[in-house]
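Please consult the sequence and the model together.

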Amino acid sequence: MSPTYDAVVIGAGINGLVAAAELAGAGWRVAIVDERDRIGGFIDSGELTVPGYVHDTFSSWHPLFVGGAGYAALGPDLGRLGLVYRNADGPVTASVSDRGAVVADRDPGVTAARFEHPADAQAYAEMLAGFERWAPHVFGALGSELTPVDSARLGVGALRGLGRAGLGELARVATQSGRGLVRERFAGWEVDQLWSPWLLHAGLAPDQATGGLMLPVMAFTMHAIGLPIVQGGAANFTAAFSALLAERGVETYLGNLADRIEVRDGRAVAVHAGGRRLAATRAVLASTSTARLYETLLAPDDVDDHGRQAVARHRPGRAATQIHLALDRPLQWTDRRLDAVPLVHVSDGAGSTGIACAQAEAGLLPSTPTVVVGQQTVLDPSRAPDGAATLWLQLQEVPWAPVGDAAGELDVSGGWTEQLADAYADRVLDRVAAFAPGLRERVVARHVISPTGLQAANANAVHGDPYGGAAELDQSLLWRPGTATGHRTGVGKLWHIGAFTHPGPGLGGGSGHLAARALLRPPGPRRAADRVRRLAGRDRSGPHSG
């Protein structure tokens, strides 16, 4: 006889974990299924190079999770079960190029005081203050299902809170590119060089719409939350989550590929995985790619026009590559301020990053890539032997199927072979070494994960894209994943969560939290009755003001 659960979750990435934990915490009987032999998705760490050096294999930085609703709900229990974060109090991020380095401190005033033009310091303060006014409405949209009722409520709230002119300005900036914003507001180069590369972490290029809003989002987040990393490595995050799931009675089926979602009378009733039938009486949540959900897990007759439309409209974003280095001693930058900065971009801002993005979109290996240099041992020295260090290099502007090399040096005819990945890694190291001489002499060992390696490690990294697809405006908000139904699907009791759905990529657990909250919300008539009781109680309490 097949086991029966209230909910079955497919996919043990951050969104699946958050959904499973929250549902189980409310008393539901939950099972979670994943084809890998571990939970966490793109959250993991290990000794990838040589013993004694711990590297965050994929993702590393957790500001979205720490600042999100999932952590607000689960954080105390995760902390009790061993999750500890290390964070920056002073310098948090920086960017370096031939024209110099610019450093962001957790204190925005300290950051702006270093700008060449005094007017830019004032403009920076105004940008952050402006976003602080917008924040309840922006984060409200990101933390909502965006149903017609939600959208109307958010719109009315924004109109009341910001006024017609303020709401119009928010809408204008939301359609602006990051390059457009910095050109409009700043005379100097510092804000562009510092924050335009951060748009890559939202899946955007400097010239794409919504960058004008995401740039201040990134700046505001770094100043307010910082760049927390998991003490001892990201595997300790999944260890805490594993303990929480066990504590709440969640049954995990690891190493079991979900083959099919069984649908009966228009409703999802079971998940078939690893030869088992896992019955679900209340919900099935699929943290999968859009194509896998509608083309593999569901039978063709169970997919409606909305599902077929979502598959047709989805497009992968740029691919990514990871390079892990074990160093015998910490990196020493030409600008010594960077030695103490957890995350440094090698970029001059929208200029070099925009060119690299365009080259990758054209199928070319960028000649001058933007390099994300993570110096985790600045925050957590326990990740390396005494006196040593790790480096975490990320490239977010590479093509899945290269057709050429923008520098005209590398042979791409065989695709992402091990030889091509190593040769491109050499280019990346040379780019970093231009600002940190002696890098190569410090390298004890390295480990390269190409776009094909990313997809092999996680099937949701379609075409080597770790962000669940392109993040431009037409692939976001109401249009992600393209069904116009939010996390609900055309199948009753079946929910689609993960980076392929609203609010998109990032380690926030947002879609898992939203789906869990929606499932736990009382049905309509009960909500109405609750409202009547609240109003009645308010009336009994005497006069009041709204």
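Predicted model: local features only at pLDDT ≥ 70, side-chain atom pairs only at ≥ 80, totals over all residues.

Strand β1 spans residues 4–10, and six of its seven residues are buried.

## R277 in strand β12

Strand β12 contains R277, whose relative accessible area of 26% makes this residue partly exposed. The C-alpha atoms of R277 and S2 are separated by 5.5 Å, although the two residues lie 275 apart along the chain.

Leaving aside neighbours within four places in sequence, R277 is in contact with S2, P3, E262, R264, V269, A270, V271 and H272.

## The bend in helix α6

Helix α6 (residues 148–174) has 27 residues, yet its end C-alpha atoms are only 20 Å apart, whereas a straight helix would reach 39 Å at 1.5 Å a residue. The helix bends by about 110° at G163.

The buried residues of α6 are D150, L154, A158, L162, G166, L170, V173 and A174. An α-helix has 3.6 residues a turn, so residues three or four places apart point the same way. The elements that cover the buried residues of α6 include α5 (118–142), α7 (178–185) and α9 (211–224).

The largest nonpolar core comprises 42 residues, and Y124, M127, W134, W195 and L213 have the most contacts inside it. At least two residues of this core come from each of β7 (100–105), α5, α6, α7, α8 (190–195) and α9. Helix α5 gives the most, with eight residues.

Which residues are in contact with Y124, leaving aside its neighbours within four places in sequence? They are P108, T111, A112, F115, F186, V191, W195, A219 and H223. Another core, of 38 residues, lies apart from the largest one and has V18, F241, A283 and A518 among its members.

Notes
Residues numbered from 1 in each chain as written. Heavy atoms only, no water. Buried < 20%, exposed > 50% of the residue type's maximum accessible area, 1.4 Å probe, protein only. Helix = DSSP H or I, 4+ residues; strand = E, 2+ residues; numbered from the N terminus. Expected span 1.5 Å × (residues − 1). Bend = angle between axes of the 7 residues up to and from the residue. Contact = heavy atoms within 4.5 Å. Core = buried A, V, L, I, M, F, W, Y, C linked by side-chain atoms within 4.5 Å.
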